[in-house]
Amino acid sequence: MIPAEFEYVAPTSVEEAVRALTEAGEDAKVLAGGQSLIPVLRMRLAAPNVVVDLSNLSELTGVRDDGDSLLIGAMTTHYEVQRDHLVHDHARLLALATDEVADPQVRHRGTFGGALAHADPAGDLPAPALAMDATMIIVGPGGRREVPAAEFFVDYFTTVLEPNDVLVDIRVPKLTGWSAHYEKFNRVAQAWSIVAVAAAVRVSDGTIAEARVALTNMGPTPVRAHGVEEALVGQPATAESINAAAARAAEGTNPTTDGNADAEFRSHLARVLTGRAITAAVGA
Amino acid sequence: MTATVEPEIGKARLRKEDARLITGDTRWTDNIQMAGMLHMAVLRSPMAHARITSVDVTAAAAMPGVLLVLTGEDVAEEQGSLPCAWPITEDMLAPPAPSLAVGEVNFAGEGVAVVIARSDYEAHDALAAIDVEYDELPVVLDMKAALADGADLVHPDLGTNKSATWVFDSAEAGTGSDVDQAIADAEVTVTRTFRQQRLIPAFMEPRSVVVDPGGGSITMWSATQVPHILRWMLAAVLGIPEHKVRVIAPDVGGGFGGKLQVTPEEVLTLLVARRLGKPVKWTESRTESMLSAHHGRDQVQELTITARRDGTVTGLKVDLLADMGAYLRLVTPGVPILGAFMFNAIYKFPAYRFTCVNVFTNKVPTDAYRGAGRPEATFAIERMMDELAAELGVEPMELRRKNWIKHEEFPFTTVCGLTYDSGNYEAATDRAMELFGYEELRREQARRRESGDPVQLGIGISTFTEMCGLAPSRVLGSLRYGAGGWEHAAIRMLPTGKVELITGTSPHGQGHETAWSQIVADRLGVPFEDVEVLHGDTQSSHKGMDSYGSRSLAVGGTAIVLAADKVLAKARTLAAHLMECSESDVDFSNGQFSVRGTGTSTALTDVVLAAHVAHNLPDGMEPGMDAESTFDPTNFSFPHGTHLCATEVDTETGAVKIHSYVCVDDIGEVVNPLIVEGQVHGGLAQGIAQALFEEAVHDESGTLTTATLADYLVPTAADLPHFTTDRTVTPADSNPLGVKGVGEAGTIASTPAVVNAIIDAVRHLGVTDVEMPCTPMRVWKAVHEGKERGVPTTPVAAGGLGSIDAQGGAE
Amino acid sequence: MRITVNVDGVGYTDDVEPRTLLVHYLRERLGKTGTVVGCDTSNCGACTVHLDGHSVKSCSVFAVQADRHEVTTIEGLARDGKLHPVQRAFHENHALQCGFCTPGMIMQSLDLIADHPDPDEETVRKGLEGNLCRCTGYQNIVKAVRDAAHHMRPGAGPEAEQVTEETRSPSHAGGGE
Ligand SMILES: Cc1cc2nc3c(=O)[nH]c(=O)nc-3n(C[C@H](O)[C@H](O)[C@H](O)COP(=O)(O)OP(=O)(O)OC[C@H]3O[C@@H](n4cnc5c(N)ncnc54)[C@H](O)[C@@H]3O)c2cc1C
Ligand code: FES
Ligand code: FES
């Protein structure tokens with residue numbers, strides 16, 4: 001299959017990119033790794049007039065240490081995230097979730113920012129971003145603004161990004177020393193999540209001191225499992241207390257029904273997988 | 001010296017065809033470039049059933065690079081009707097099958113218009129500019145509903161959705177007794193309904209066609225399994241003189257039955273190339289392939305099995321509904337009939353009745369997919385044997401042993417009237433159980449059951465046979481199939497001693513270039529490297545029935561042997577003449593003719609040269625040493641084997657993991673064990689995929705919702721286990737090589753082994769069936785509902801040591 | 001748009017439409033038909049090539065994005081008529097049947113071995129999860145990759161050198177584990 005014609009721009013600065021997007025209006029599309037956009041264009045599910053490729057913006061690539069948090073450039077590829085030492089040490093949940101994204105070829109091209117901007121409810125990176133209280137740093141015609149993950153995801157494939165916004169960086173607060181696990185459930189290795197659970201916990205003296213849990217594909221946007229987090233804190237890191245807390249995983253979710261799973265099964269999976277994710281994280 | 005040291009047959013020769021495939025030096029149809037070549041793209045209906053009220057192509061025709069836009073109306077006169085070569089009954093109903101829809105579309109994906117442009121990109125752009133208006137018609141999707149009184153009709157002109165009813169009754173045929181009587185007398189009766197979901201062959205190379213109409217005749221390259229059949233049918237459908245059509249199947253990237261077809265696009269590419277007088281290429285996208293290339297399987301199977309309390313089976317009744325889709329393609333109606341003779345499998349049923357109703361729906365037609373009819377049959381009977389074992393409370397393997405044909409009973413004529421020439425089910429089963437560690441796994445299963453492990457273990461058995469080596473022409477004739485089942489081979493002995501083998505088989509991954517070279521080298525004593533195999537071009541290989549139905553070796557390989565024997569017979573006469581001795585004194589081995597009891601000898605190559613220069617031939621002998629032969633088998637071949645699968649079923653999530661898989665196949669003699677093993681692995685992957693992953697799903701409007709490889713789940717390396725494979729050998733009696741065929745065995749046998757293993761893991765939780773593919777949700781729901789229903793744990797039904805104990809005296 | 005791409009060691013300059021997929025550029029313009037297309041959704045991996053030393057699906061990269069970059073296809077692996085160890089391992093282990101997936105499989109296997117010089121079975125299976133094969137059931141592919149890795153280990157002989165040249169472009173050197 002073959003994409004429809006478009007005009008191609010490869011700006012060399014973020015400002016230039018925003019300008020190009022603004023000039024082109026609604027019909028422009030940002031191209032990051034292209035691993036979601038190009039298949040969409042090939043199937044002619046979208047046909048933008050202008051494609052603005054961010055590949056030349058080297059300042060959007062890489063992971064930087066910024067005190068209490070990491071700054072991850074939106075154009076950092078999954079492959080780079082997977083093997084970055086800062087991510088490994090301070091945002092292990094993200095590294096683990098990124099391991100589960102797609103396949104090696106796609107991870108060589110696909111980007112962290114692209115995966116968040118794409119906002120597929122089955123995508124594996126929005127939930128960890130939400131769990132870690134990441135902040136999206138966005139540049140638009142009005143300048144720079146910061147949006148917390150909890151507000152960034154709006155609906156299926158919809159974020160607060162305007163057509164002429166560029167996501168430039170993602171600020172990820174460090175969770176140094178936390179245990180983490182990303183539990184993904186799908187039918188074949190290459191597939192997206194039917195349900196997945198991102199969990200990070202801080203255990204102190206055998207007690208769960210802090211917990212962050214977010215769910216993939218349990219609604220149009222990633223969902224923070226606040227009930228589970230509440231139930232975990234202060235509890236011993238044992239199978240019983242974890243499973244008791246995990247029983248609350250489906251609270252406040254709005255799962256869809258599709259060929260792989262109906263809402264009932266998704267809710268059930270959310271509970272089972274949450275238990276497994278936390279158990280695996282704490283090694284209970 | 002040209003002597004071959006080890007026998008060529010049976011040697012694990014590395015493949016000749018690899019050299020070009022691993023370097024990218026390939027000849028796929030889509031690689032062909034020709035000066036002035038144009039590109040065709042097809043606009044496809046998004047509607048499953050609709051009247052076409054208007055098609056406006058003006059905008060498209062005016063687009064840059066566009067030479068021609070055609071609708072169904074434009075080609076209605078010349079396109080004819082796509083062929084169906086298997087009218088299974090005299091009164092079978094078959095609607096006309098246009099290549100491009102005229103007035104009405106009957107499945108989503110059916111071609112409505114074509115664009116021919118300078119480039120593929122321009123052709124696709126123009127598709128978007130064609131404006132079609134549809135008037136929706138009621139969509140027929142469900143077979144049962146389609147047969148109900150007052151049902152909406154796919155083809156109102158036919159007055160019904162029923163295409164044909166085909167019956168085999170052992171009492172009527174005189175091959176067995178009456179199944180109704182068996183049911184009336186039965187001590188135990190088990191009835192089950194299974195669904196064989198619709199599958200998509202999903203060969204990796206999308207289909208592609210290039211037609212060059214130049215030079216006074218038509219040359220077609222096509223990614224097809226059946227160049228010979230295609231040429232014949234193109235001539236028949238389009239009225240082109242057959243000698244003016246040449247069909248070439250270059251490198252073909254897999255088929256699995258999916259390229260056993262005469263496609264609308266082959267016809268259309270030819271028509272437009274002829275009209276424009278230019279070469280034209282059409283290459284499908286994956287989505288087009290999923291939407292419009294034929295699908296496979298799709299049956300509802302209702303079975304009743306009867307037995308005595310002691311486990312002896314007494315009767316089998318099979319009622320099938322088979323989904324034809326919207327049209328009858330090349331062998332669409334015959335596919336379920338190929339299964340008719342296989343439901344009784346390896347068991348000694350005294351009474352059998354098979355009834356199949358072929359039904360039209362608004363879906364893409366079904367047709368051959370790896371195994372074609374036989375996987376469906378094998379699945380059903382192997383599932384039934386497990387169900388019967390559970391009902392009787394006996395170990396499922398013991399039930400099979402009790403009922404299968406013992407090795408000393410061969411040749412054995414079945415309740416279908418087929419004569420199984422050879423086999424040894426005991427040997428294959430014993431070997432498989434040993435490799436599998438059957439008893440230990442049963443113990444492990446019992447342990448997990450006792451401890452209430454959330455991950456339960458199940459063991460699935462499939463002791464299968466299949467009929468392949470398609471096929472004795474006479475039998476095909478009696479089944480109303482439109483062609484023969486013979487195969488042809490020709491050998492050209494070149495003056496320098498090299499050999500060209502021409503075969504009518506048409507490989508697309510099976511390694512015929514290698515295996516056929518081995519057969520020739522073995523028979524003629526020439527080096528393996530000195531044999532060139534020519535195939536897949538109707539000009540060089542003018543005669544053949546192509547590759548499908550595990551026929552190539554059993555039928556085509558035999559033709560090679562017979563042709564080689566003709567070469568040798570003539571060479572022996574000439575050798576005797578040259579060595580001035582009597583023909584009866586001439587021995588032949590390792591490429592040398594020698595005079596018995598003397599030191600005189602001459603090499604075959606010298607004899608060939610002598611035949612070529614023809615200076616000194618016996619009176620009346622023609623120059624040259626070429627020979628050809630056509631072999632028509634007298635019987636099918638019957639590979640068999642025992643497949644054992646252990647699955648781990650996560651009762652909390654419904655996830656199924658294959659813990660181990662062992663198969664021991666008996667495919668008779670083996671020409672190349674490497675190729676055989678590869679065929680088994682690939683077959684297993686496809687059969688397992690049916691059990692766990694793949695399904696063509698349509699929504700209520702008839703749209704295929706699994707039209708990409710993202711939705712249609714072809715398993716990856718990470719989704720499949722390591723296979724342990726082994727073989728036992730009982731040579732086939734039906735051909736001189738003693739071979740049986742291996743192309744379909746893995747696919748046929750593995751599906752029930754996996755599903756039986758899943759059921760076996762959770763039967764104690766009240767589960768008796770899970771519809772395929774056994775998705776986590778389906779498995780979880782079955783377990784969950786089984787629990788909710790409060791079905792008691794029945795250790796006897798669970799098989800394994802538990803059941804043996806319970807039977808042996810727990811009561 | 002005008003692009004300059006180095007493909008299998010040869011520089012090419014061409015005008016292309018921005019929408020031209022890299023795989024189409026390779027096949028249609030450069031005649032590199034060893035690289036093939038098997039799907040529309042970036043699932044099959046048949047089109048896998050290396051872009052600056054890393055495996056990518058060339059159906060999911062625009063040709064314009066390869067401007068001033070280096071592409072290696074299956075056709076660039078054999079040197080002086082000598083097969084690359086991965087190619088040889090595929091042949092010797094009967095890791096292909098129809099061969100349509102093979103170029104992509106081999107290119108991905110190379111990438112996998114670069115990241116995991118001694119992969120176990122599971123690592124190989126995971127590492128090939130972006131490549132579909134319909135013929136082989138993967139078992140012999142897994143075997144071939146492990147066999148190739150074995151032959152490519154440092155000190156394994158002259159073939160190993162061929163690999164070091166190929167594997168990674170300087171910009172990514174040190175990216176491995
Ligand atoms: C075969 C396959 C399997 C996959 N499996 C998974 C999976 O299991 N889990 C998973 O999470 N993902 C999966 N993906 C998707 C993959 O992770 C993508 O890389 C990701 O979703 C998009 O990232 P990208 O950089 O490729 O973005 P692109 O495809 O370039 O863009 C995606 C969208 O985001 C917008 N966008 C991108 N970057 C920015 C930015 N900086 N600012 C503003 N807008 C932007 C684009 O305009 C576009 O709308 C899979 C993809 C493929 C092809
Ligand atoms: S063609 Fe590129 S992944 Fe299928
Ligand atoms: S060898 Fe045919 S698809 Fe892999």
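How many residue pairs are in polar contact across the interface of chain C and chain B? The rule finds 24, both residues of each pair being at pLDDT 80 or more. A polar contact is a pair of N or O atoms within 3.5 Å; within protein, one must be able to donate a hydrogen and the other to accept it, and residues adjacent in sequence count only if both atoms are side-chain atoms.

This is a predicted model, in which local features need pLDDT of at least 70, side-chain atom pairs count only at pLDDT 80 or more, and totals for chains, interfaces and linings use all residues. Residues are numbered from 1 along each chain as its sequence is written, chains are lettered from A in the order in which they are written, and side-chain values use heavy atoms, with hydrogens and water left out.

**Chain C against chain B**

Helices H1 (22-29), H2 (85-92), H3 (102-115), H4 (121-127) and H5 (139-152) of chain C each supply at least two residues of the side that touches chain B. Helices are DSSP runs of H or I with at least four residues, strands are runs of E with at least two, and both are numbered from the N terminus. H2(C) gives the most, with four residues.

Three salt bridges link chain C and chain B. A salt bridge is a side-chain nitrogen of Lys or Arg within 4 Å of a carboxyl oxygen of Asp or Glu. One salt bridge joins Glu694(B) to Arg134(C), with the closest N and O atoms 2.6 Å apart.

About 4200 Å² is buried between chain C and chain B. Buried area is the accessible area (1.4 Å probe) that two parts lose on being put together, summed over both. His94(C), Arg134(C) and Gln139(C) supply 20% of the area that chain C buries here, more than any other three residues.

**Inside chain C**

Chain C is divided into domain 1 (2-76) and domain 2 (85-161). These bounds come from an automatic or database domain assignment. The C-alpha centres of the two domains lie 21 Å apart.

The table sets out the two interfaces.

| Interface | Buried area | Share from carbon and sulfur |
|---|---|---|
| Chain C and chain B | about 4200 Å² | 55% |
| Domain 1 and domain 2 of chain C | about 1100 Å² | 59% |

Thr48(C), His50(C) and Ile74(C) supply 40% of the area that domain 1 buries against domain 2, more than any other three residues. Between these domains the count of salt bridges is zero. Seven residue pairs are in polar contact there, both at pLDDT 80 or more. Strands S3 (48-51) and S4 (54-57) of chain C each supply at least two residues of the side of domain 1 that touches domain 2.
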